[in-house]
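Open the model in your viewer and show side chains. This tour goes stop by stop: select, look, move on.

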Amino acid sequence: MLNDLLRKQHEKIGLSIEAAEKANPFVAMTIAKRAAVESHALIGLVIDEIEKLKAANDAKY
């Protein structure tokens, strides 16, 4: 599940970056801001999942 989410978000952010590179500076800034927000949210999800895995591993031992 996490892998699928990471792949989809990675692809989406990559498309945003490509669009920003092709856009005029004002549009590119808006697209880049959106990509940054999406990246931040994605990193938050990764951190949450790592903490869950660590907690599960700690509970076993």
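Is Ser16 buried or exposed? Select Ser16: it is buried, with a relative accessible area of 9%. Buried means under 20% relative accessible area, exposed over 50%, and partly exposed in between, using a 1.4 Å probe and protein chains only.

Before going on, note that this is a predicted model, in which local features need pLDDT of at least 70, side-chain atom pairs count only at pLDDT 80 or more, and totals for chains, interfaces and linings use all residues. Residues are numbered from 1 along each chain as its sequence is written, and side-chain values use heavy atoms, with hydrogens and water left out.

**Stop 1: helix α1**

Select residues 2–22. This is helix α1, with 21 residues. Helices here are DSSP runs of H or I, at least four residues, numbered from the N terminus. From first C-alpha to last, α1 reaches 30 Å, close to the 30 Å expected at 1.5 Å a residue. The expected span is 1.5 Å times one less than the number of residues.

**Stop 2: the buried side**

Now select Gln9, Ile13, Ser16 and Ala20, the buried residues of α1. They cover an arc of only 55° around the axis, so they sit on the same side of α1. The arc is taken from the directions running from the helix axis to the C-beta atoms. An α-helix has 3.6 residues a turn, so residues three or four places apart point the same way.

**Stop 3: the other face**

The face away from its buried side carries the exposed residues Arg7, Lys8, His10, Glu11, Glu21 and Lys22.

**Stop 4: what covers α1**

Select 25–60. This is α2, part of what covers the buried residues of α1. Which residues does Ser16 touch, leaving aside neighbours within four places in sequence? They are Ile31, Arg34, Ala35 and Glu38. Contact means heavy atoms within 4.5 Å. Next, pick Gln9, which counts as buried at 18% relative accessibility. Gln9 touches Glu38 and Leu42, not counting residues up to four places away.

**Stop 5: the crossing**

The axes of α1 and α2 come within 9 Å and cross at roughly 165°. That makes α1 roughly antiparallel to α2, a term for angles over 145 degrees. Axes are lines fitted to C-alpha atoms over the stretch in contact, and angles run from 0 to 180 degrees between N-to-C directions.

**Stop 6: His40**

Finish in α2, where His40 lies. His40 counts as exposed, at 64% relative accessibility. The C-alpha atoms of His40 and Leu15 are separated by 16 Å.

Note on methods. Helices (H or I, at least four residues) and strands (E, at least two) are DSSP runs, numbered from the N terminus. Angles under 35 degrees count as roughly parallel, over 145 as roughly antiparallel, 65 to 115 as roughly perpendicular and the rest as oblique.
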